[in-house]
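Please look at the sequence and the structure as they come up, and then I shall go through the model.

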Amino acid sequence: MTAARHHRIREQLHQHRLTPAADKAFHGWHKDVRETRDCDICGGPCEQVVLTPYKAEAKRPLTEAQQAANTVFSALRCAVEGGFAALKTWHILDKLRLHPRHATTLIRALLVLTQHEQSARDTARHATA
């Protein structure tokens with residue numbers, strides 16, 4: 001959160017009309033958005049939110065619609081989570097001593113490899129079915 005605040009990630013996402021997604025444990029940007037105000041970017045009153053899945057409580061389980069929404073939400077985040085897992089497993093960025101611009105090229109290459117691997121798995125799965 002500190003790095004996101006320092007680099008003004010929330011404002012940059014909003015400028016490009018993007019809404020970030022987070023996991024159930026996310027808490028944080030609500031502290032940065034204190035009030036709804038007229039926005040120069042979207043032209044109206046706005047308050048940026050972070051999409052998170054529904055949380056069940058002890059005395060209030062999730063409805064079927066909320067469970068379905070959580071399933072869709074998880075599917076949206078799946079590719080990103082897989083990419084982060086690959087970065088951690090392959091230790092690509094552990095001791096990277098490059099300009100961030102060059103690191104982006106490595107990340108893009110990782111994305112291509114990950115998508116190729118997933119495509120190969122899907123093809124093999126459909127061939128055996």
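I begin with Q66, which counts as buried because its relative accessibility is 16%, where buried means under 20% relative accessible area, exposed over 50% and partly exposed in between, computed with a 1.4 Å probe on protein chains only. Q66 belongs to helix α3. Leaving out residues up to four places away in sequence, Q66 touches Y54, R60 and P61, a contact being heavy atoms within 4.5 Å.

Before I continue, a word on conventions. Residues are numbered from 1 along each chain as its sequence is written, and side-chain values use heavy atoms, with hydrogens and water left out. This is a predicted model, in which local features need pLDDT of at least 70 and side-chain atom pairs count only at pLDDT 80 or more, while totals for chains, interfaces and linings use all residues.

R60 sits in the loop between β2 and α3. Is R60 buried, partly exposed or exposed? R60 is partly exposed, because its relative accessible area is 43%. Not counting residues up to four places away in sequence, R60 touches K55 as well as Q66.

Let me turn to the chain as a whole. Its secondary structure comes to 4 helices and 2 strands, where helices (H or I, at least four residues) and strands (E, at least two) are DSSP runs numbered from the N terminus. The elements run α-α-β-β-α-α from the N terminus on. Of the 129 residues, 18% are buried. Among contacts with a separation of 6 or more, 53% are between residues 24 or more positions apart.

How confident is the predictor? The chain averages a pLDDT of 78, and 84% of the residues score at least 70; pLDDT is the predictor's confidence in each residue, from 0 to 100. Confidence is highest in helix α3, residues 64-90, at 83, and lowest in strand β2, residues 45-46, at a mean of 64. Where pLDDT is low, the predicted coordinates should not be read in detail.

Helix α3 also holds R77. The side chains of R77 and E81 are joined by a polar contact of 2.4 Å, that is, a pair of N or O atoms within 3.5 Å, of which, within protein, one must be able to donate a hydrogen and the other to accept it, with residues adjacent in sequence counting only if both atoms are side-chain atoms. Setting aside neighbours within four places in sequence, R77 contacts A21, A22 and D23.

Which element supplies the largest share of the lining of the largest pocket? That element is α3, with 14 residues. Both α3 and α4 (100-128) supply at least two lining residues each. By class, the lining has 13 nonpolar, 6 polar and 4 charged residues.

Two loop residues remain. R8, in the loop between α1 (2-6) and α2 (9-15), has a positive phi of about 55° although it is not a glycine. Most residues other than glycine have a negative phi. H27 lies in the loop between α2 and β1 (37-38), and H27 counts as exposed because its relative accessibility is 57%. The C-alpha atoms of H27 and M1 are separated by 9.5 Å, although the two are 26 residues apart along the chain.

Terms used:
Nonpolar A, V, L, I, M, F, W, Y, C, P; charged D, E, K, R; others polar.
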